[in-house]
Amino acid sequence: MLLYVVGMHVAVERPILPNGDINWECPCLGNTPSGPCGVQFREAFSCFTNSMDEPKGSECREAFDAMTTCMVQYPKLFAHSLRRSGIPSTDDNSSS
């Protein structure tokens, strides 16, 4: 969530709009929706956002696997995200 002041009001940028649609333009998503793995990210994020299963997103495994497979191909762009998820990138070996 991103907060910023507009006039005397605080505007809030969120990835989900009040009507339930995904705000792909939210700065909180960075360039991920339009980057090299944008299609996979949008599919996984949409699946999770619209999930009604318990636990939430449990039917989205294939979409998240496809996104992760893509991200591993771009270690310089996604190394931080992959490390945070516990997934080694090919860059992790080059720093030793």
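## Working through a predicted model

Setting aside neighbours within four places in sequence, A44 touches A63, F64 and M67. Keep in mind that this is a predicted model.

**Exercise 1.** Work out which residues make up the largest nonpolar core, and which element gives the most to it.

*Solution.* Start with the list: the largest nonpolar core holds 12 residues, namely I22, L29, C37, F41, A44, F45, A63, M67, C70, M71, F78 and L82. Next, sort them by element: α1 (38-50), α2 (61-72) and α3 (75-84) are the ones giving two or more residues. Of these, α2 gives the most, with four residues. Now go back to A44: its contacts include A63 and M67, and A44, A63 and M67 are among the core residues.

**Exercise 2.** Find how far apart the end C-alpha atoms of residues 37-71 lie, and how much of the span is helix.

*Solution.* First, the record: an unreviewed UniProt entry annotates residues 37-71 as "domain: CHCH". Then check the ends in the model, where the C-alpha atoms of the end residues sit 6 Å apart. Finally, look at the make-up: 69% of the span is helix and 0% is strand.

**Exercise 3.** Decide how α2 and α3 are oriented to each other, and say which residues make the contact.

*Solution.* Two packed helices are described by the angle between their axes and the distance between the axes. Here the axes of α2 and α3 come within 8 Å and cross at roughly 130 degrees. That angle falls between the 115 and 145 cut-offs, so α2 and α3 are oblique to each other. On the α2 side, the contact is made by T68, M71 and V72; on the α3 side, by P75, F78 and L82. Sort those by class and you get five nonpolar, one polar and no charged residues.

Note on methods:
Residues are numbered from 1 along each chain as its sequence is written. This is a predicted model: local features need pLDDT of at least 70, side-chain atom pairs count only at pLDDT 80 or more; totals for chains, interfaces and linings use all residues. Side-chain values use heavy atoms; hydrogens and water are left out. A nonpolar core is a set of buried Ala, Val, Leu, Ile, Met, Phe, Trp, Tyr and Cys residues joined through side-chain atoms within 4.5 Å. Buried means under 20% relative accessible area, exposed over 50%, partly exposed in between (1.4 Å probe, protein chains only). Contact means heavy atoms within 4.5 Å. UniProt positions are given in the numbering used here, feature names are shortened, and annotations may be inferred rather than shown by experiment. Axes are lines fitted to C-alpha atoms, for helices over the stretch in contact, and angles run from 0 to 180 degrees between N-to-C directions. Angles under 35 degrees count as roughly parallel, over 145 as roughly antiparallel, 65 to 115 as roughly perpendicular and the rest as oblique. Ala, Val, Leu, Ile, Met, Phe, Trp, Tyr, Cys and Pro count as nonpolar, Asp, Glu, Lys and Arg as charged, and the others, Gly among them, as polar.
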